[in-house]
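The sequence and the structure come first, and the remarks follow.

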Amino acid sequence: MGRSVIKRWAFACAFALTVAACSGSVLNDPINGPLDKVSDQDNWPLGPDQFGTTFVGVAFSGGGMRASAFSYGVLKELDRYQLPNGGRQSRITDMIGLISGVSGGSVTAAYFGLTGRDGLPDFRSRFLESNAEQGFDTDVSITNVLKIVGEGGVNDRSKFPRWLDDNLFSGATYADLFARGRPLVWITASDIYNRVPFVFDPITFSALCSDLSKVRLSEAVAASAAVPGVFVPINVENYGASCGGHIPKWMQRSLSDSTAPATLRASAAALTRFRKDPERFRYAKLLDGGLTDNFGIHSLAIARTNRDRPYVPMTDEQGVRVNRMLFLVVDAGRGPGGDWPKNLASPSGIDLAGIVTDAAIDSGVYKGYDYFKSMMETWQNDMRRWRCSLSTDEVVRLRGTLKGWNCGDVVFTIGRVSFEDTGPEMKERLDNVPTRFKLDPPTLEMVIGSGEAALRNNATFRSFIGKAGRSERNVALVDGQHSP
C-alpha cells in the first residue's frame, strides 16, 4: 500500500473521529436503576398462576419484522385449538406458561406476555402493519459512517424505544408484565464483552443489584434488536453488592463442574465478573440477542441449571398437575442465499460481513438447539423422579387429591417450526424476505399465513395434538376446520 493511500486513510479516520468526538449527542444512559434489597425481587412469580394438565412454551427467533410476523402467524394458529386441560377445554394460547424472544421475535413475545391472546388482533394493526424503521435511522450516508466510527452505531436509545412505546407498549414496564402472573417472559440480548446471552430476568438483575420492575419493555426489546452498527450498544448498569444480591449457588456450581455445558459456564463466569469487580465491570454493553442465542432458548437453560428444584421454572403445584408439555421453537431464520458460490471471485465488503455474521449465528443456533433438546429430555426425567419421590401427603397438599395420580405420567414434546414446514416453493419465497423492520402488505400477508401453515404442517405439533386427543377424548378446533 502506497504512502499516499495510507495518508488518505489516516486523514479520513482522523476526520471521522474528530467529527464524532465533537458531536457529543449520544443518549446512552443506562436503562436501569438500583434495587434497594434483593428480597424485593425474590417474590416475583416463576410460573403461571393457573394450573392444568397441559403446559406450553414457545421461543421466537430473531429476523426483524419477518420473525415478528411469522411468530404471530404461529400464535394465531395455536389460538384456534382447544385441548382438555384439567377437566376443562382451554385454548392452547391460554396454556402458554413460558415465552421467550430474540430481536424481531422479542417484540411478539413481549406484547403477548403483556396482553395475552386478547392482544393478538391489535398486534397486527399496531406493529406488523407499521413501518418500525420510522423509529431509527437506516440511511447509508457519510454522516452515519462517521457515527459508527466515532460513536459505535448510528442510533442511540433516544428513538426506537420511544417509537415502540408510542405505537405498541404505551410505556409498560416489567412491573406491568409481572403483575399478570403468566406467562413467564424472557427477552434476550447479547453481552458483547462477555460474549454470552444477557437475559432480562430477576436472576440477572438481582446479581447486578438492579430493579428490573422499573425497566421499560420497549428498552429490553430495543436492546434485543440492536443490530451492530445500526444501534449504539445499550448500557445496563451494575450496582455491585449494594442490595445483598449474589449469584445463586446452583449457578455457581456450573463454574466448578467441568462437565457443565460451556454456555452455562460462560454465563456464570460473566455474572461472577460483575459481582467480583463492579468498578471494572460497571456496565453490561448489549446488542442484538441473535449474536449469541438466535432461538432465545438460553434463558430456559439457565433456569434449568437449578437441579435442586426439578420443577423450575414451574412451581411445585404445577409440577404435580402437569401431564404433558409442548415446547415449540419458532425459527424465522433464512437459509443460505446469494449468487457468489457460482463465481470464482469471493464475496467482499458489506456482503462478506453479513455472510460471516450469518455463518457464526447459524452455527451456534443448530448446536444450541441440539443441546436444548437434550436438556429438555433431562428435565422430563428429573420431573418424573421428583414426582415419584413425593409422599402421599405431599401429593395431596400440592395436587389436592390422589385421584388419577400417576407419578410417571409426564411427557415433554419439543419441536422446531420453521420455513421448511411450508414446503420448498414457499420456503424459497420466505428466504427472500429481507431482515428489515418493515414489510409491504402482500409480503406481510404471506409471512403471517406461512406461520399459520407451518404450524399446521409441523409433524411434531400434529403428533402432539393427535396424542392429546387420544388421551383425553377430543381436541376442539375453532372456526370449523379439521384437526390435523
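1. In this predicted model, the torsion about the S-S bond that joins cysteine 209 and cysteine 243 is about -85 degrees, so this disulfide is left-handed. The two sulfur atoms are placed 2.2 Å from each other, which means that they fall inside the 2.5 Å limit for a disulfide.

2. The link between cysteine 209 and cysteine 243 connects distant parts of the chain, 34 residues apart. Cysteine 209 belongs to the loop between helix H9 (202-207) and helix H10 (217-224). Cysteine 243 belongs to the loop between strand E9 (234-237) and helix H11 (249-256). Both cysteine 209 and cysteine 243 are buried.

3. A disulfide also joins cysteine 388 to cysteine 407, with an S to S distance of 2.0 Å. The link of cysteine 388 and cysteine 407 is right-handed, with 85 degrees about the S-S bond. Here, too, distant parts of the chain are linked, 19 residues apart: cysteine 388 is in helix H16 (residues 349-389), and cysteine 407 is in the loop between helix H17 (392-399) and strand E12 (411-418).

4. How exposed are cysteine 388 and cysteine 407? Cysteine 388 has a relative accessible area of 42% and is therefore partly exposed. Cysteine 407 has a relative accessible area of 21%, so it is also classed as partly exposed; the class begins where buried, under 20%, ends.

5. The count of disulfides comes to two. With the bonded cysteines of the protein chain numbered in sequence order, the pairing reads 1-2, 3-4.

6. Turning to the aromatic side chains, the count comes to 20 aromatic pairs. One of them is formed by phenylalanine 295 and tyrosine 369, an edge-to-face pair with 6.1 Å centre to centre and 90 degrees between the planes. Phenylalanine 295 lies in the loop between helix H13 (290-293) and helix H14 (298-303), and tyrosine 369 lies in helix H16, so the pair ties together parts that are 74 residues apart in sequence. Phenylalanine 295 and tyrosine 369 are both buried.

7. Why is the pair of tyrosine 311 and tryptophan 386 described as tilted? The ring centres of tyrosine 311 and tryptophan 386 are 5.0 Å apart and the planes stand at 55 degrees, so the pair is tilted. Tyrosine 311 is in the loop between H14 and helix H15 (316-321), whereas tryptophan 386 is in helix H16; the pair therefore ties together parts that are 75 residues apart in sequence. Tyrosine 311 is buried, at a relative accessible area of 13%, and tryptophan 386 is buried at 14%.

8. Ring pairs also build a cluster, whose members are Tyr72, Tyr111, Phe123, Phe127, Trp163 and Phe169.

9. Strand E1 (residues 54-60) contains threonine 54, which has a relative accessibility of 4% and so counts as buried. Its side chain makes a polar contact of 2.9 Å with the side chain of arginine 324. Leaving aside residues up to four places away in sequence, threonine 54 touches Leu83, Pro84, Asn85, Met95, Arg324 and Phe464.

Technical notes. Residues are numbered from 1 along each chain as its sequence is written. This is a predicted model: local features need pLDDT of at least 70, side-chain atom pairs count only at pLDDT 80 or more; totals for chains, interfaces and linings use all residues. Side-chain values use heavy atoms; hydrogens and water are left out. Helices (H or I, at least four residues) and strands (E, at least two) are DSSP runs, numbered from the N terminus. Buried means under 20% relative accessible area, exposed over 50%, partly exposed in between (1.4 Å probe, protein chains only). Rings of Phe, Tyr and Trp (its six-membered ring) pair if their centres lie within 6.5 Å; planes under 30 degrees apart count as stacked, over 60 as edge-to-face and the rest as tilted. A polar contact is a pair of N or O atoms within 3.5 Å; within protein, one must be able to donate a hydrogen and the other to accept it, and residues adjacent in sequence count only if both atoms are side-chain atoms. Contact means heavy atoms within 4.5 Å.
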